[in-house]
Every structure is written in structure tokens, then in C-alpha cells.
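Hi,

Here is the structure I promised to pass on.

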Amino acid sequence: MSDNDILEMDSVSETEELERDADLGMIEEEVVYPQEFLPTYETIEEGASVAKAEEAEFNNKPDSLFFNDGVRRIDFVLVYEDEDKKEFEKRHTFLRRKRRREYFEASLMKMGMELEATRSVIDEKLMFVKIHMPWDVLCTYAEVLHIKLPIEPNDLSSRPSPWRFFSCITKHFYPSEDLITKETEFFTAPFEKNRLEYFYVKDRDQFFTQSMRSRMAYYILSRAPYEIRGKIKKFGITKLLDGGVYKAAYPLHDSRFNVRSKEEGCPSERLLLYEEWAHPKSFYKMQPLDLIRKYYGEKIGIYFAWLGFYTAMLAFAAIVGLGCFIYGFKTQDTSTWSKEVCHPEIGGAIVMCPQCDKDCTYWRLNSTCETSKKLCIFDNFGTLVFAVFMSIWVTLFLEFWKRYQAELEYEWDTVEFLEQEEQPRPEYEAKCIHERINPITRVKEKVPFTACGRCIRVSLGMGTVLFWLLLILASVVAIIVYRLAVFFSFSKKLRAQDLKELEPFKEYVTPQMATSVTASIISFVVIMILNILYERVAIWITDFELPRTKTEYENSLTLKMFLFQFVNYYSSCFYIAFAKGKVVGYPGQPVYLLGKYRNEECDPGGCLIELTTQLTVIMGGKAIWNNIQEVLMPWVKNLIFRYCTRVGSEKVIPRWEQDYQLQPIGKLGLFYEYLEMVIQFGFVTLFVASFPLAPVLALVNNLFEIRVDAWKITTQFRRIVPEKAQDIGAWQPILQGVAILAVATNAMIIAFTSDMIPRLVYYWSFSVYPYGDYSENTMEGYINSTLSIFNIEDFSNTSKPEKTPYWFNNITTCRYRDFRYPPGHPKEYEYSIYYWHVIAAKLAFIIVVEHIVYLTKFILSYIIPDVPDAVKEQIKREKYLTQVILHETNLKLVTKHLKPVTDKFLDSTNMNLSKEGLDLDF
């Protein structure tokens, strides 16, 4: 390929191309394509006629997966709208599309693929191009993609399951073995065409699975050229789909999801997956991961394996969290400090200072009685134990997942799925115009940009991401301002009105609660809107950076999206947990945000109940929204499509047209499925100290999520193009980072957000001599001790309340939540000794808990190996046997080539010896 040639997938503007179409021919020069990427590619000579796909009528076999001859299997399907059926005045608009499509299909046929076109039985404008890959093409691309194929049956005996003694019970929780049989295990090796006779080929039609065939077909489709203009070569099915040349491209499902195929020899794996996996009646069964991997590929398989493992581990956390919740619920009525809040002679006698300027008025502490009782459910010693437990649980989850993942890597032949085996993306290949010396091979290679150009691209990408993160933080500040502004209004109205119309919920409708709920809802709406906008920005940035492989592309996009989602989803929770109510001053000298809005205070019981409310709204709203997007939308779209086409039954249309009526999978594939679960994982771990029921809600959601995702991809979506994957990619280090951060956040929530540390300090130090009046440690008097006194004469003109309640008579002081000296003290309104004791205890608690938990996590990570010993032995054994087999293969090849030479040499030696013998005799 010359230096001036440019391979590209981007289209030029429609107007420019239409202007040049009249003057330029279809092909301007010979295509010189990188042979290492397309070994079977042959150039279409300039001026040569372009071959077209043969047309065939539908043979009235709706379940057929073959061409009309019944021999050639359909590996992929392309769908386009026939330009000749367009209206005459619009036909010129589609002329360019038709030329591109015809050249693309001719290129496919030149590359060895066989095509057959069939007109739609529903809409005569639609054409379906069926693609078949002959045996020789399959062998060629199996070698290019390093696909591992069987060489001989596995003779290693698997270790018996520890649950085998309970098989009479456990068998009911596994898919039926009569329907989904266990496949024979083989030793495998990367396919080599010239060693075909040494691979385990019983049947050529079954040697390459349908997922392998689809994967190879898509690899070719992504790299086949569709247009040449001067020095510019354009290629790839992706751009043809985006440009409207084709309406769809997909591999076929092997049957309907609820009816067995009548095609002879068809295994109807889609039906098996629906009945044993996606059907609601199978919700209690284990997932058939091997069949999922066989049908959809390793990438889909590893996702469902991870989701199933995560859900199973959540069961343990849910049990402990539910126990913690029950403990809090049972002890809420025995809490001494909660009783004091609700007591009419204690909480009812305490007059609290207004929480905003002028519009707010005085209020009695016992008006928050119900809130304080609910707070006891979540703010107790059981929460501390549960937070420590979750820190250990998350470590065990990640370590055991690594072990399980290693087992899957061995079973699914992805152990050696290395970077050099993964082919570059077509978009990357298209931009390779600069030369460099490969630092490893020391050979010249083409790259899309220089080192300086790469630095510029990455810097621009990072700057854009930073800008959007700042935009999210700006939205968080806007929500805070809303909370401050609305709190004033709620305080004025709710304190003044009797709220008779809300009689059943009167005790729960406090200004703090009303503000928290409305702010949470608005925050959720803002999160959803920013998600939609940022998705496009993140994709654009990643496309601009131009990663080499699809794995690198997905990892880069994953990191950007998660950073955004992390700030978007968690920022409001971090604000409530660590910022709200921390810098408020005192009634006579409050702190203002932006010089205008007075910082909002926490409830006398703390901000923990508000954090719990925020988590509940976001987790619940997110689950409902995702289910609407994932289930309802595809189902409604399919329903509308079927109604518009007015198809009475699927039996009257062929298999490829039935699949066309389904929804296409999104470009990001499983990205949003992973993102949804990882965000949930963050809620379960980062803020679990404030909401012990989070693992329970997550467990229930995930039990539905597995079956919903299974139902969705099995019944509502076209078959996904299979992809290879070794692990869950960039999500693994993200999970590890969240796990590390979770230890710090939970320790700080207990220390700074909950009231646990102040209560402990009071119980052990300030309830007894020299600070307290009690003879032994007690929680009595805690509320009175932790509420500071303020003289109402010290109010400034800007903050003094304009109205006072009817019961406010002869009262000179009010109380506020802080640890300050009372009026008249030499250090009036300064922090008291209690405050400094509490701060010291909080810091000591964080340091001790973090060090203990981190040390425990490190020890567990060290003693639990990432790969089980049994898997290590099997991997070594397989490598050894593979090397022996390949070595014997090489010996046989050498012997085969040397035998004629050896025989000839021996014949000549014998002749010479015979002549010498005759001479001696003579």
C-alpha cells in the first residue's frame, strides 16, 4: 500500500458525493489492501463487470437455515431496501447507495463468500442477502483469528463435586440434562490450515460452531471495501449501516424461541435457552452457562457468569443485612435517646431554634419523634458490625470471582486470549498512514498517528471528560441551592399549617423529609438527562482517541463512562453524608452559601435518615427506569412493528425475516448491563452503613435482572454477533477501586454522619463524673447534653424569626444541634470540650477501623490464590499434551518430506555397493 493511499470508513458529505457521482466511475484504481488482515482478498480489476448476488425465491420453508439448495448454511444476513422500487423522482438519491452496495457484495464474493438474495414476502421493497462461508474460507479465517479447535478428547478426570451426595435435591436446581446434554471436553489448539488432518474433524458441517462462523463472517464484513475514490478506499459494514445502504446485518437465530424447529438436524438451542433459562418458571434454576457461551459467544457468557456469581454472593450479605435491620426494628422502642425525643416532658419541653432566616419559626423537638424512631432502625451498633462485615464480604467476592473466572477461562479456551491474538479494529486500520518501527519486532508498521498526535488526542479527551465532570458538580451545587431555597418554604408552611389532609402521614411530613424527597427526585431526573447527553460525548471522545483493538476501545469507554456515572449518581449521596450540616455555624452567626443561602442543617437525629432516603429513591427509581428501558421498550417496539406489517403468524415468513422483525442490539452491547450492576455494587458497598437493606434490594433486583436480560436477548433481540472475551475487562479494576473506597466511606459515615460516636463518647465519658451527674454510665440525658443553648436576644436582624408560635411565651432561649458553650460562659458560643472529645474519637475510630479492615483484606487477598490448583494442573497438562501432539505432527511432516530423499539416497548407495562388489569379483 502506497504512502498516499488512505483507507477510511468515514463518508464524505452527501452533496459532494452526489456532485462527483456523475463524473467519476465506480472504480478509479486497483485496491491494495493489507494482506495480513484479508488473506483471501482479491482485487476487482478496473473496468471489470461487478458480480451480483444470485436471486432466489422463498422456498416456503420458514425454519430453514440454508440457501435454497439446502446444502449451504446461512452464516450472516444483510437487509437492504431495493432502490429500483423507489419513486422515480427520489431514485437518483439512492443511486450512490446502490453502487456502494453492489461493489461491497462483489468484494465479498471475490473474497470467497457466497451470496443469495431473496425478496421479502411481506414488503416487496426489502431484499435479504444471505451469506455463506465455504469450507476453505472458514479454515483461512479460523487461522487468522487464532480460533482454538479440538485436537483430541480430554482424558483428565474432573474432580467430583462436593455436592454430589445431595444430587437428588440439587438436580432440581439445574437445567434438565435430558434437554441440555453435557458436551464432550477436548484439548484444543489454535487452528492451522496446513495441519487440518491432526484436528478432531468428525463432520465438516459441525466442526465450526455457528457462533464461530458468524464471528468470522462479521470479521470479513467489517473489512470488505465498498468504494474507491482516487487514493481513498472506504470499507466496512458499520458505515454502510450508518449511511442507510443496508438496514440491518445479523446472524440468524436457529429457531423460534417457543417452537421447536422442523428443520432436520437443527438443535433448536434458542428454544432450550428460553425454556431452561429465560422462562419465568426457571427462575430458581442455575444458568446453562456452557450453552449460553456456545450460542452467544464468550463475551455474553462471561457477563451472565459474573452476574450469577455476584447475585449468589449477595445472598450472604442480604441475610446479614436483613438481620441487622430486624435488630434495629426490634430495638427502636427501647432506645433511650429516642424515648427522650418523644417524651412530652423532655422532647416536648425543648424548644428548637429556627433553621432558616425570618420565615422559619421555633419548633418543639418531639415533632421529630417518628423520624428519630426510624433513625434507630439504621443507626445502631448492628450497623457498625454490618459495615465491617461488608468490607470483608467485598474482598471475598472479588477473590472468589477471580478463581471462578480462571475456571471459566480454562473451560472456554480463553486462557491464552492475548493482545496479539486480538485483531485491530477496522476503524484503526483505516487511519494507519504513519510509519514507525515496532519496538518488539523491529519491523516497520503503519500507525494512525505519531506520538505527539496521540498525546494531543488523549489530552483533548481528558479535558473534555474533566469539563463534563465539572458540569455534573455544577448540577450538584444547583440541587444544593434548591434544597436550601425550598427548605425555607417548607419550614414556613409545614410548621404553620395543621396538615389535616395528610393526617395518616402527618408525623412523617417534616421540612427536612419533604426537602430530601423532592431533591432526591429532581436529582434522579437530572442524572437521567445528563446520562443521555454524556453517552454521546464519551463515544465521540473514545472514537477520537482511536484505540487499536476492541478491548482497548471498550476499556477506554468504560473508564470514561464510569467516572461520569460515579460523580453523577454518587455526588448527592456524598453531599448528604459528608457535607450537609457540617458547616452551619450557630443561630446568631449562620454560614451562608454564595453569600445568600443559609446552609441547611441536619435533623436533630443526624443526616443518616436523609442519606437512607436518597439511596432508596435513586436505587428504586433506577431499577424501575432500567426495567422500562430494557423490557417494556423492546417489547412495545416489536409489537408496533408486527402490527404495522400485519403479519398474522411467524410461520408464513422465513427465518431471516422473522429475525428482522426483532430489535437490534445496541452498539455498546453489554456496556449498560455492566454499568447498571457496577453502580448498584457501589450503592451496596459505599453507603451500606446507612442502609443495611441495600443488599436485600440488590438481591431481589438481580434475581429478576438475570431472567429479564435472558428473556430480552432470547426473545426480543436479534442474535448478537459472538465475541471472544477473557474476563469482564476494565470492570474488574473498577470493582477493586470501589471496594477499597468503600472501607473509607463506611468508616466516615459511621464517624461523621451517624450519631454513634457522640453517643459512645457521652456514655463512657460525659454521663459520669467529672462531666456528668450520673453515678454510672448511662444514655439518659444524652439529648439534653448534645443540644447547645442559644439566647434569642442574640439573633441578628437578618435571621430573627418574624413570627412565633402561639405556645411561645416567656421563653428566652432555644436549642440547636452542636457542641458549644452556653450564653454567659467566658467562651460563649465557642466549641466545648465535648466537641473536641467527639472529634478525637471520630478520627481515632476511622484510623483504627480502616487499618484493621485493610489489613484483613490484604491477608485474605494473599491467602486466596487467584487460580485454583486444580485449574493450574489442567492448564499445564493441556499445554504439555498439545506440545506433544504438535511435536509429533512436526516429526510426521518431516518424515513424510524426507522419506523420498532417504529412499533415493539408499537406492543410489546400494547401486554403488553393487558395482564395487562386481569390480572386486572381476
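How far apart are the sulfur atoms of Cys-356 and Cys-360? They sit 1.5 Å from each other, and the two residues form a disulfide (a pair of cysteine sulfur atoms within 2.5 Å). Before the rest, some housekeeping: this is a predicted model, where local features need pLDDT of at least 70 and side-chain atom pairs count only at pLDDT 80 or more, while totals for chains, interfaces and linings use all residues. Residues are numbered from 1 along each chain as its sequence is written, and side-chain values use heavy atoms, with hydrogens and water left out.

Searching the whole structure turns up 3 disulfides.

For the cut-offs, buried means under 20% relative accessible area, exposed over 50%, and partly exposed in between, using a 1.4 Å probe and protein chains only.

Next up is Cys-353, which a disulfide joins to Cys-814, with an S to S distance of 1.9 Å. The torsion about that S-S bond is about 90°, so this disulfide is right-handed. The pair links distant parts of the chain, 461 residues apart: Cys-353 is in the loop between strand 11 (351-352) and strand 12 (363-364), and Cys-814 is in strand 20 (residues 813-817). Helices (H or I, at least four residues) and strands (E, at least two) are DSSP runs here, numbered from the N terminus. As for accessibility, Cys-353 is buried at 4% relative accessible area, and Cys-814 is buried at 0%.

The remaining link to mention is the one between Cys-342 and Cys-369, S to S 2.0 Å. It is right-handed, with 100° about the S-S bond. Are its two ends buried or exposed? Cys-342 is partly exposed, its relative accessible area being 22%, whereas Cys-369 counts as buried at 13%.

Two other cysteines are worth a glance while you have the model open. Cys-139 is buried, with 2% relative accessible area, and Cys-573 counts as buried at 0%.

Cheers
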